[in-house]
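Please look over the model shown here before reading the notes, which are arranged by topic for a reader who works with computed structures.

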Protein chains: 2
Amino acid sequence: MTEVTLSDRGDALTLNHCGATARFHAIWLRDNAWDAGTRAPGNGQRLIALRDIAEDLAITGARIAGGQVHLTFAPEGREIAYDPGWLMANSYDRAAPRTPGWLADGAEAWGAGLMNDVPTGDFDAVRTSSEARRTWLAQIARYGFAKLEGGPVRDGALFDVVDLFGHVRQTNYGAKFEVRTEVNPTNLAYTGLGLQAHTDNPYRDPVPTVQVLYCLESTAEGGENMVVDGFAAARRLRDENPDWFDVLSRNCARFEYAGEAGVRLTSRRPMIELDPDGALRAVRFNNRSAAAITDVPFDLMPVYYAAYRRFGQIIDDPAMEVSFRLNPGESFLVDNTRVLHARKGYSGAGTRWFQGCYADMDGVRSTLAALQAPAREAAE
Amino acid sequence: MTEVTLSDRGDALTLNHCGATARFHAIWLRDNAWDAGTRAPGNGQRLIALRDIAEDLAITGARIAGGQVHLTFAPEGREIAYDPGWLMANSYDRAAPRTPGWLADGAEAWGAGLMNDVPTGDFDAVRTSSEARRTWLAQIARYGFAKLEGGPVRDGALFDVVDLFGHVRQTNYGAKFEVRTEVNPTNLAYTGLGLQAHTDNPYRDPVPTVQVLYCLESTAEGGENMVVDGFAAARRLRDENPDWFDVLSRNCARFEYAGEAGVRLTSRRPMIELDPDGALRAVRFNNRSAAAITDVPFDLMPVYYAAYRRFGQIIDDPAMEVSFRLNPGESFLVDNTRVLHARKGYSGAGTRWFQGCYADMDGVRSTLAALQAPAREAAE
């Protein structure tokens, strides 16, 4: 059953549809019309701007016909049809905002318990089957990382991983970079040192939102990979001490990298980034490239450092960690705005050779949404 | 003259240097030491994490010698030297935060007055002279856009522009895209329509932070390019009505593009984005790809739309606009997080052919900083 009621002034509509109720403003409805005069039929882009909608807009008539809501707008005098299902799916008539640190987009926080069920795809399956690709990309969207097994052992094979969803983000490190022990390294990643869990390149703005690490050789002792959910760590900090969560999210840290000639990358960004409505957006954590923090007021600096210390302790807690050893032809991908990664130290006999590259999460989400869309439409 | 005073508990230091005074906390000082045990001498990366610094850290001794500040830390019992000039340059002991909407990083807001002095570089000079390149990149950092004249008229010449500072950000539109009239366009940019001033790809996350548009043919009537400073527009909105500025910066809009098979890009980001401390960070404005706004509470939606309307009016105001006509071999670059661009409509006889591509501002800022660094050090 579908019912509509107009407000007295015609500035809002109340819609009852399938047992749910939601209010919509006239201006929102007119702006979000899907008729051919408002949206380009082929690509769906909006053909009008807000300046094309009258300021004294009002709904002068509302009726149901053929399962659609038909609204007449003044001063245009035109009737436009709306799908009530689309309207309810896009309702904005709901309760007050949530506690800061909530998770948007179906993300799910995790800890060491995920070790028994590490998100993993098979290289050939993900490459050739839409269903397998959708499943693998959905794992990345949900958990912020996934492994990929059974790939070729070949220089540049990591680009085949990126081709599954998007494009390489080239940087001063090149289209790809070699992670193995070097003499006089430009980056500590190119040594046998263990690395604390970190996000990559926080000194870059925008930060690369995806990192792929692909194993080509692995006979050295140690060198296991480890991942930590930065969103879970941030939420744990919030639950332990909301003031500490606030101080890390309301103040900018600074990051810097100047390890090569001609490169001096700097950024001014918070360690815990929230959307303006409090959704967790990104975590940046990297002791190697943290620069002097100069944007925190003097009186807050002690509490800032206490929070920073505790955040690091949470990140270091084995209860947060999922670790695995990659063999040649295996790789993993992280959402670098969310999941920290680490490497245990290695040395002695044998070799360890990984290749890494950056890409972006918009490709992951776009490819996933396109793969999900037909199913979603069929279900409606 | 340099003087230091320790707090009673050894948790803070007061530094007087060249007539200025600033306080520093012990934990900040220890974390930001530049000795070879703390920072890798070659690449400058930090070798320790906060977990390696004792929680009960205190400064037990402070003395001046050889122009350096020497501090002894307990419980480590080690003396570390600091450059007082570096400390003053990184002081965080200052007054309360500024009004939201302030400009960081030397950005300067502008309006139509800049038309008489459009930031412009010469292609060959910027390519071959460090001085010319520094000047051109500094204009981009300051104003958010610049023209480049005297380039070759050749397919792909826009990549030579990107090589001046960074790397192409490849997207679903390819490494580059052709901007000319098409039948059945996947994007309205590929028509002769005039386009309202907008930022590109707000549906992408992270958004491409640089756009280059390069002219290869231009004999059609019309089609002039125009740019508007989104930061100036946001600050004008704030000065006219702080509530409208707040509603656009504290709530997320949504953007979407689904004009091609296999692509469904969506984002949830504010039209006016602030850093957590209120610095203007980014503007997103694009009527064509604005999706239904569903993250604004019902009661706020009317004021949101009033603010959105006024923001658009300010952007459309000729007093904000700098316009120019590009000839073959000429191009312009915008900081796509700040400067909106537009195109006047064109039609009739003649052709108009531009090539466009995306890149990122971190390359602009890094290359500029590396070019500025030697001069800065020489001046000290």
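The structure is a predicted model. Between chain A and chain B, about 7600 Å² is buried, of which 51% lies on carbon and sulfur atoms. Over all chains the count of salt bridges comes to 74, and the count between chain A and chain B is 14.

**The interface of chain A and chain B**

- The contact involves 91 residues of chain A and 91 residues of chain B, and on the side of chain A the residues that lose the most area to chain B are A:R264, A:F298 and A:R309, which together make up 11% of what that side buries.
- One of the salt bridges joins the side chain of A:R268 to that of B:D277, with an N to O distance of 2.8 Å.
- Polar contacts across the interface of chain A and chain B amount to 34 residue pairs, with both residues at pLDDT 80 or more.
- On the side of chain A that touches chain B, the elements that give two or more residues are β3 (20-25), α1 (26-31), β15 (265-269), α8 (301-316) and α9 (361-379) of chain A, and α9(A) gives the most, with nine residues.
- By residue type, the side of chain A that touches chain B divides into 40 nonpolar, 23 polar and 28 charged residues.

**Helix α7 of chain A**

- Helix α7 of chain A covers residues 242-249, and its buried residues are A:F245, A:V247, A:L248 and A:S249.
- The cover over the buried residues of α7(A) includes α6 (230-240), β16 (272-274), β17 (280-283) and α8 of chain A.
- At the start of α7(A), the backbone nitrogen of A:D243 has a side-chain oxygen of A:N241 within 3.0 Å.

- A:R39 belongs to the loop between α1 and β4 (58-65) of chain A; A:R39 is buried and yet has no salt bridge, the nearest side chain of opposite charge being that of B:E256, 6.1 Å away.
- The side chain of A:R39 does reach the backbone oxygen of A:G44, at 2.9 Å, and, when residues up to four places away in sequence are not counted, A:R39 touches residues of both chains, including A:W34, A:L47, B:R288, B:A290 and B:A291.
- A:N90 sits in the loop between α2 (84-89) and β7 (120-122) of chain A, and A:N90 counts as buried because its relative accessible area, 17%, falls under the 20% cut-off.
- The side chain of A:N90 reaches the backbone oxygen of A:W86 at 2.9 Å, while beyond four places in sequence A:N90 touches A:F24, A:W28, B:A292 and B:T294.
- Although A:N90 and A:F24 are 66 residues apart along the chain, their C-alpha atoms are separated by 9.9 Å.
- A:T219 is found in the loop between β11 (210-218) and β12 (221-222) of chain A, and A:T219 counts as exposed because its relative accessibility of 58% is over the 50% cut-off.
- Leaving aside neighbours within four places in sequence, A:T219 is in contact with A:A349, A:G350 and A:T351, whereas the C-alpha atoms of A:T219 and A:A138, 81 residues apart along the chain, are separated by 32 Å.

**Salt bridges within a chain**

- A:D35 and A:R78 form a salt bridge in which the closest N and O atoms are 3.1 Å apart; A:D35 lies in the loop between α1 and β4 of chain A and A:R78 in strand β6 (residues 78-82), so the pair ties together parts that are 43 residues apart in sequence.
- Of these two partners, A:D35 is buried, with a relative accessible area of 16%, and A:R78 is partly exposed, at 33%.
- A salt bridge also joins the side chains of A:R310 and A:E240, at 2.8 Å from N to O; A:R310 is in helix α8 and A:E240 in helix α6 of chain A, so that distant parts of the chain, 70 residues apart, are linked.
- A:E240 counts as partly exposed, with 39% relative accessibility.
- In chain B, B:D124 forms a salt bridge with B:R127, with the closest N and O atoms 3.4 Å apart, and both residues lie in helix α3 (residues 123-128) of chain B, three residues apart, about one turn of the helix.
- Residues three or four places apart in an α-helix point the same way, because such a helix has 3.6 residues a turn.
- B:D124 is partly exposed, with a relative accessible area of 40%, and B:R127 is partly exposed as well, at 44%.

Conventions
Residues are numbered from 1 along each chain as its sequence is written. Chains are lettered from A and ligands numbered from 1 in the order in which they are written. Side-chain values use heavy atoms; hydrogens and water are left out. Contact means heavy atoms within 4.5 Å. Buried area is the accessible area (1.4 Å probe) that two parts lose on being put together, summed over both. A salt bridge is a side-chain nitrogen of Lys or Arg within 4 Å of a carboxyl oxygen of Asp or Glu. A polar contact is a pair of N or O atoms within 3.5 Å; within protein, one must be able to donate a hydrogen and the other to accept it, and residues adjacent in sequence count only if both atoms are side-chain atoms. Helices (H or I, at least four residues) and strands (E, at least two) are DSSP runs, numbered from the N terminus. Ala, Val, Leu, Ile, Met, Phe, Trp, Tyr, Cys and Pro count as nonpolar, Asp, Glu, Lys and Arg as charged, and the others, Gly among them, as polar. Buried means under 20% relative accessible area, exposed over 50%, partly exposed in between (1.4 Å probe, protein chains only). Lys and Arg count as positive and Asp and Glu as negative; His and the chain ends are not counted.
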